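Me: Hey, I'm new to this one. Can you walk me through it?

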Amino acid sequence: MGRLLSGRLKMAASGRLAMRMLSGCGWVRGSDPAVLSRLRDEAVVRPGFLSQAEEDTLTRELEPQLRRRRYDGRLAMRMLSGCGWVRGSDPAVLSRLRDEAVVRPGFLSQAEEDTLTRELEPQLRRRRYEYDHWDAAIHGFRETEKSRWSDASQAILHRVQEAAFGPDESLLSLVHVLDLEPQGYIKPHVDSVKFCGSTIAGLSLLSPSVMKLVHTQEPEQWLELLLEPGSLYILRGSARYDFSHEILRDEESFFGERHVPRGRRISVICRSLPEGMGSGRPGKPPPAS
Ligand code: OGA
Ligand code: MN
(Lines give C-alpha, C1' and ligand atoms only; values in the text may rest on other atoms or scores of the structure.)
(Ligands and ions follow the chains in the order given, each with its own letter.)
Protein backbone atom coordinates (compact mmCIF):
# COMPACT_ATOMS: atom_id res chain seq x y z
CA MET A 1 0.00 0.00 0.00
CA GLY A 2 2.79 2.36 0.96
CA ARG A 3 4.64 1.64 -2.28
CA LEU A 4 1.52 1.98 -4.36
CA LEU A 5 0.66 5.24 -2.72
CA SER A 6 4.13 6.71 -3.08
CA GLY A 7 4.12 5.61 -6.72
CA ARG A 8 0.87 7.43 -7.25
CA LEU A 9 2.12 10.43 -5.41
CA LYS A 10 5.11 10.55 -7.71
CA MET A 11 2.81 10.52 -10.71
CA ALA A 12 0.72 13.11 -8.98
CA ALA A 13 3.57 15.53 -8.49
CA SER A 14 2.34 17.82 -11.21
CA GLY A 15 -0.73 16.06 -12.53
CA ARG A 16 -4.31 17.04 -12.03
CA LEU A 17 -5.52 13.66 -13.21
CA ALA A 18 -3.51 11.76 -10.69
CA MET A 19 -4.96 14.01 -8.05
CA ARG A 20 -8.43 13.12 -9.24
CA MET A 21 -7.46 9.50 -8.68
CA LEU A 22 -6.04 10.11 -5.24
CA SER A 23 -9.05 12.09 -4.19
CA GLY A 24 -11.12 8.95 -4.64
CA CYS A 25 -14.01 11.17 -5.57
CA GLY A 26 -15.76 11.93 -8.80
CA TRP A 27 -17.44 9.51 -11.14
CA VAL A 28 -14.55 7.93 -12.97
CA ARG A 29 -11.49 6.27 -11.49
CA GLY A 30 -8.69 4.74 -13.53
CA SER A 31 -5.61 2.58 -13.27
CA ASP A 32 -3.36 5.52 -14.13
CA PRO A 33 -3.48 9.15 -15.25
CA ALA A 34 -2.72 8.28 -18.88
CA VAL A 35 -5.73 6.01 -19.33
CA LEU A 36 -7.96 8.51 -17.55
CA SER A 37 -6.75 11.22 -19.87
CA ARG A 38 -6.94 9.14 -23.06
CA LEU A 39 -10.50 8.01 -22.40
CA ARG A 40 -11.70 11.36 -21.09
CA ASP A 41 -14.12 11.77 -24.03
CA GLU A 42 -14.74 8.09 -24.64
CA ALA A 43 -15.90 6.80 -21.30
CA VAL A 44 -18.12 9.52 -19.93
CA VAL A 45 -20.46 9.67 -16.94
CA ARG A 46 -22.99 12.48 -16.72
CA PRO A 47 -24.37 12.40 -13.18
CA GLY A 48 -27.70 14.09 -12.78
CA PHE A 49 -28.36 13.94 -16.52
CA LEU A 50 -32.05 13.49 -15.75
CA SER A 51 -34.04 15.91 -13.67
CA GLN A 52 -36.04 14.34 -10.86
CA ALA A 53 -39.18 14.84 -12.97
CA GLU A 54 -37.64 13.09 -15.96
CA GLU A 55 -36.46 10.23 -13.83
CA ASP A 56 -39.96 9.88 -12.42
CA THR A 57 -41.47 9.93 -15.90
CA LEU A 58 -39.33 7.05 -17.07
CA THR A 59 -39.75 5.08 -13.90
CA ARG A 60 -43.51 5.48 -13.80
CA GLU A 61 -43.78 4.36 -17.38
CA LEU A 62 -41.55 1.35 -16.86
CA GLU A 63 -42.77 0.29 -13.46
CA PRO A 64 -45.95 -1.57 -14.41
CA GLN A 65 -44.04 -3.49 -17.05
CA LEU A 66 -41.07 -4.36 -14.93
CA ARG A 67 -42.96 -4.79 -11.66
CA ARG A 68 -39.95 -3.97 -9.58
CA ARG A 69 -39.54 -1.63 -6.69
CA ARG A 70 -37.59 1.54 -7.24
CA TYR A 71 -34.98 3.02 -4.96
CA ASP A 72 -35.99 5.69 -2.53
CA GLY A 73 -34.51 8.73 -4.23
CA ARG A 74 -31.62 9.74 -6.39
CA LEU A 75 -30.82 12.91 -4.51
CA ALA A 76 -30.61 11.30 -1.13
CA MET A 77 -28.40 8.62 -2.64
CA ARG A 78 -26.10 11.21 -4.15
CA MET A 79 -25.76 12.88 -0.80
CA LEU A 80 -25.21 9.66 1.08
CA SER A 81 -22.54 8.53 -1.34
CA GLY A 82 -20.48 11.52 -0.26
CA CYS A 83 -19.05 11.77 -3.74
CA GLY A 84 -19.28 14.20 -6.58
CA TRP A 85 -18.33 17.86 -6.79
CA VAL A 86 -21.31 19.51 -5.18
CA ARG A 87 -22.62 18.90 -1.66
CA GLY A 88 -25.65 20.62 -0.22
CA SER A 89 -27.47 21.22 3.02
CA ASP A 90 -30.47 19.29 1.74
CA PRO A 91 -31.80 17.57 -1.38
CA ALA A 92 -34.15 20.45 -2.19
CA VAL A 93 -31.40 23.05 -2.48
CA LEU A 94 -29.22 20.66 -4.50
CA SER A 95 -32.08 20.08 -6.85
CA ARG A 96 -33.08 23.73 -7.12
CA LEU A 97 -29.54 24.88 -7.92
CA ARG A 98 -28.66 21.96 -10.16
CA ASP A 99 -28.33 24.25 -13.22
CA GLU A 100 -27.33 27.41 -11.36
CA ALA A 101 -24.28 26.23 -9.41
CA VAL A 102 -22.41 23.89 -11.71
CA VAL A 103 -18.94 22.33 -11.48
CA ARG A 104 -17.29 20.79 -14.51
CA PRO A 105 -14.23 18.93 -13.25
CA GLY A 106 -11.51 18.38 -15.83
CA PHE A 107 -12.85 21.13 -18.08
CA LEU A 108 -9.24 21.99 -18.93
CA SER A 109 -6.75 19.45 -20.17
CA GLN A 110 -3.42 19.47 -18.40
CA ALA A 111 -1.92 21.19 -21.47
CA GLU A 112 -4.57 23.93 -21.36
CA GLU A 113 -4.04 24.44 -17.67
CA ASP A 114 -0.29 24.81 -18.29
CA THR A 115 -0.90 27.23 -21.16
CA LEU A 116 -2.95 29.56 -18.97
CA THR A 117 -0.61 29.33 -16.00
CA ARG A 118 2.47 30.04 -18.11
CA GLU A 119 0.81 33.03 -19.71
CA LEU A 120 -0.41 34.52 -16.45
CA GLU A 121 2.62 33.94 -14.28
CA PRO A 122 4.88 36.76 -15.55
CA GLN A 123 2.07 39.30 -15.25
CA LEU A 124 1.14 38.20 -11.74
CA ARG A 125 4.70 38.01 -10.52
CA ARG A 126 5.09 41.75 -11.01
CA ARG A 127 2.49 42.38 -8.31
CA ARG A 128 2.59 41.96 -4.55
CA TYR A 129 0.11 39.99 -2.51
CA GLU A 130 -2.32 42.23 -0.63
CA TYR A 131 -3.68 41.74 2.88
CA ASP A 132 -6.37 43.17 5.09
CA HIS A 133 -7.71 46.17 3.28
CA TRP A 134 -10.37 47.75 5.46
CA ASP A 135 -13.19 46.56 3.21
CA ALA A 136 -11.38 43.60 1.71
CA ALA A 137 -13.43 40.58 0.89
CA ILE A 138 -10.23 38.91 -0.25
CA HIS A 139 -7.18 38.22 1.86
CA GLY A 140 -3.71 37.27 0.59
CA PHE A 141 -4.21 37.91 -3.08
CA ARG A 142 -2.96 39.68 -6.15
CA GLU A 143 -5.02 40.24 -9.23
CA THR A 144 -5.09 41.63 -12.71
CA GLU A 145 -7.56 42.22 -15.48
CA LYS A 146 -6.59 40.91 -18.83
CA SER A 147 -7.93 41.73 -22.27
CA ARG A 148 -5.19 40.45 -24.58
CA TRP A 149 -4.58 36.75 -24.71
CA SER A 150 -2.55 34.33 -26.81
CA ASP A 151 -4.48 32.41 -29.45
CA ALA A 152 -4.32 29.25 -27.36
CA SER A 153 -5.79 30.99 -24.32
CA GLN A 154 -8.43 32.71 -26.41
CA ALA A 155 -9.57 29.31 -27.63
CA ILE A 156 -9.92 28.18 -24.01
CA LEU A 157 -11.88 31.29 -23.06
CA HIS A 158 -14.11 30.73 -26.06
CA ARG A 159 -14.88 27.25 -24.73
CA VAL A 160 -15.75 28.78 -21.37
CA GLN A 161 -18.06 31.24 -23.07
CA GLU A 162 -19.83 28.46 -24.95
CA ALA A 163 -20.15 26.30 -21.85
CA ALA A 164 -21.33 28.95 -19.43
CA PHE A 165 -23.03 31.82 -21.20
CA GLY A 166 -26.18 31.99 -23.25
CA PRO A 167 -26.09 33.20 -26.86
CA ASP A 168 -27.69 36.49 -25.77
CA GLU A 169 -25.26 37.18 -22.96
CA SER A 170 -22.39 39.61 -23.52
CA LEU A 171 -19.23 39.27 -21.50
CA LEU A 172 -17.10 41.87 -19.81
CA SER A 173 -14.18 42.30 -22.15
CA LEU A 174 -11.71 42.22 -19.28
CA VAL A 175 -11.17 38.82 -17.73
CA HIS A 176 -10.47 38.87 -14.00
CA VAL A 177 -7.41 36.92 -12.87
CA LEU A 178 -7.07 36.30 -9.15
CA ASP A 179 -4.02 34.73 -7.52
CA LEU A 180 -4.59 33.52 -3.95
CA GLU A 181 -1.55 32.54 -1.94
CA PRO A 182 -1.79 29.30 0.08
CA GLN A 183 -3.05 31.20 3.14
CA GLY A 184 -5.30 33.41 1.02
CA TYR A 185 -9.08 33.24 1.03
CA ILE A 186 -12.21 35.01 -0.16
CA LYS A 187 -14.83 35.98 2.41
CA PRO A 188 -18.54 35.52 1.72
CA HIS A 189 -19.86 38.12 -0.70
CA VAL A 190 -22.25 38.60 -3.58
CA ASP A 191 -20.65 40.14 -6.67
CA SER A 192 -21.83 43.71 -7.11
CA VAL A 193 -24.69 44.00 -9.60
CA LYS A 194 -23.06 47.22 -10.80
CA PHE A 195 -20.16 45.32 -12.30
CA CYS A 196 -21.49 41.89 -13.05
CA GLY A 197 -24.53 40.44 -14.79
CA SER A 198 -26.30 37.18 -14.05
CA THR A 199 -23.49 34.72 -14.86
CA ILE A 200 -20.06 34.13 -13.33
CA ALA A 201 -17.77 31.42 -14.71
CA GLY A 202 -14.39 30.60 -13.18
CA LEU A 203 -11.50 28.33 -14.07
CA SER A 204 -9.35 27.07 -11.21
CA LEU A 205 -5.62 26.51 -11.65
CA LEU A 206 -2.86 24.98 -9.50
CA SER A 207 -4.58 24.15 -6.19
CA PRO A 208 -7.88 22.56 -5.28
CA SER A 209 -10.21 24.63 -3.14
CA VAL A 210 -13.72 24.62 -1.77
CA MET A 211 -16.22 27.29 -2.73
CA LYS A 212 -19.09 27.63 -0.29
CA LEU A 213 -22.43 29.15 -1.19
CA VAL A 214 -24.75 30.29 1.60
CA HIS A 215 -28.26 31.66 1.10
CA THR A 216 -28.22 35.30 2.16
CA GLN A 217 -31.68 35.13 3.79
CA GLU A 218 -31.75 31.53 4.97
CA PRO A 219 -28.21 30.61 5.97
CA GLU A 220 -29.16 27.02 6.76
CA GLN A 221 -29.26 26.55 2.99
CA TRP A 222 -25.79 26.02 1.58
CA LEU A 223 -23.75 24.27 -1.08
CA GLU A 224 -20.10 23.26 -1.20
CA LEU A 225 -18.36 23.10 -4.57
CA LEU A 226 -15.14 21.10 -4.88
CA LEU A 227 -12.95 23.02 -7.32
CA GLU A 228 -10.02 20.94 -8.45
CA PRO A 229 -7.38 22.40 -10.76
CA GLY A 230 -8.66 22.39 -14.32
CA SER A 231 -12.29 22.61 -13.26
CA LEU A 232 -14.83 25.19 -14.37
CA TYR A 233 -17.55 26.46 -12.07
CA ILE A 234 -20.59 28.40 -13.16
CA LEU A 235 -22.82 30.51 -10.91
CA ARG A 236 -25.94 31.96 -12.40
CA GLY A 237 -29.42 33.08 -11.47
CA SER A 238 -30.33 32.35 -7.90
CA ALA A 239 -26.89 30.91 -7.06
CA ARG A 240 -25.35 34.19 -8.17
CA TYR A 241 -27.87 36.61 -6.64
CA ASP A 242 -29.42 34.87 -3.60
CA PHE A 243 -26.34 33.07 -2.25
CA SER A 244 -23.04 34.50 -1.10
CA HIS A 245 -19.92 32.69 -2.30
CA GLU A 246 -16.52 32.34 -0.68
CA ILE A 247 -13.28 30.39 -1.08
CA LEU A 248 -12.48 28.74 2.24
CA ARG A 249 -9.15 29.29 3.96
CA ASP A 250 -6.99 26.23 4.49
CA GLU A 251 -8.15 25.61 8.08
CA GLU A 252 -11.79 25.60 6.95
CA SER A 253 -11.24 24.03 3.56
CA PHE A 254 -13.45 20.97 3.97
CA PHE A 255 -15.63 19.25 1.39
CA GLY A 256 -17.83 17.35 3.78
CA GLU A 257 -15.48 15.44 6.07
CA ARG A 258 -12.56 15.73 3.71
CA HIS A 259 -9.92 18.38 4.19
CA VAL A 260 -8.99 19.92 0.83
CA PRO A 261 -5.51 21.35 1.44
CA ARG A 262 -5.03 24.76 -0.05
CA GLY A 263 -1.98 25.77 -2.03
CA ARG A 264 -1.56 28.75 -4.26
CA ARG A 265 -4.60 29.03 -6.50
CA ILE A 266 -5.15 31.09 -9.62
CA SER A 267 -8.66 31.68 -10.92
CA VAL A 268 -9.66 33.07 -14.29
CA ILE A 269 -13.12 34.57 -14.02
CA CYS A 270 -15.46 35.57 -16.84
CA ARG A 271 -18.55 37.58 -16.04
CA SER A 272 -21.54 38.68 -18.05
CA LEU A 273 -22.20 42.38 -18.47
CA PRO A 274 -24.48 43.98 -15.89
CA GLU A 275 -28.08 44.19 -17.05
CA GLY A 276 -28.69 47.10 -19.34
CA MET A 277 -25.05 47.77 -20.08
CA GLY A 278 -24.17 47.79 -23.76
CA SER A 279 -21.46 45.40 -24.81
CA GLY A 280 -17.96 46.63 -25.42
CA ARG A 281 -18.07 48.92 -22.42
CA PRO A 282 -15.48 47.50 -20.13
CA GLY A 283 -16.53 47.35 -16.52
CA LYS A 284 -14.25 47.24 -13.56
CA PRO A 285 -14.39 43.76 -12.10
CA PRO A 286 -16.43 43.63 -8.95
CA PRO A 287 -14.45 44.54 -5.87
CA ALA A 288 -16.00 41.43 -4.40
CA SER A 289 -18.02 43.20 -1.76
C1 OGA B 1 -14.43 37.23 -6.82
C2 OGA B 1 -14.60 35.78 -6.55
C3 OGA B 1 -13.87 33.54 -6.96
C4 OGA B 1 -12.72 32.78 -7.52
O5 OGA B 1 -13.32 37.65 -7.19
O6 OGA B 1 -15.42 37.96 -6.70
O7 OGA B 1 -15.57 35.42 -5.98
O8 OGA B 1 -12.96 31.71 -8.08
N9 OGA B 1 -13.66 34.92 -6.99
O10 OGA B 1 -11.60 33.25 -7.40
MN1 MN C 1 -17.19 36.84 -6.30
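Reply: Helices here are DSSP runs of H or I with at least four residues, and strands are runs of E with at least two, numbered from the N terminus. The expected span of a helix is 1.5 Å times one less than its number of residues. This is a predicted model, where local features need pLDDT of at least 70, side-chain atom pairs count only at pLDDT 80 or more, and totals for chains, interfaces and linings use all residues. Residues are numbered from 1 along each chain as its sequence is written.

Me: OK, what span should helix α4 have at 1.5 Å a residue?

Reply: Its 15 residues, 52-66, should span 21 Å, and the end C-alpha atoms are 20 Å apart, which agrees.

Me: And where's the kink in α4?

Reply: At Arg60, shortly before the proline Pro64, and about 25°. That bend is the angle between axes fitted to the seven residues ending there and the seven starting there.

Me: Which residues of α4 are buried?

Reply: Glu55, Asp56 and Thr59. Buried means under 20% relative accessible area, with a 1.4 Å probe and protein chains only.

Me: Switching topic: which residues come nearest to ligand 1?

Reply: His189, Tyr233, His245, Arg265 and Ser267, out of 13 around ligand 1; to count, a residue needs a heavy atom within 4 Å.

Me: How far is a polar side-chain atom of Arg265 from an oxygen atom of ligand 1?

Reply: 2.9 Å. For His245 the distance is also given as 2.9 Å, and for an N or O atom in the Asp191 side chain, 3.2 Å.

Notes: Chains are lettered from A and ligands numbered from 1 in the order in which they are written. Side-chain values use heavy atoms; hydrogens and water are left out. Buried means under 20% relative accessible area, exposed over 50%, partly exposed in between (1.4 Å probe, protein chains only). A polar contact is a pair of N or O atoms within 3.5 Å; within protein, one must be able to donate a hydrogen and the other to accept it, and residues adjacent in sequence count only if both atoms are side-chain atoms.
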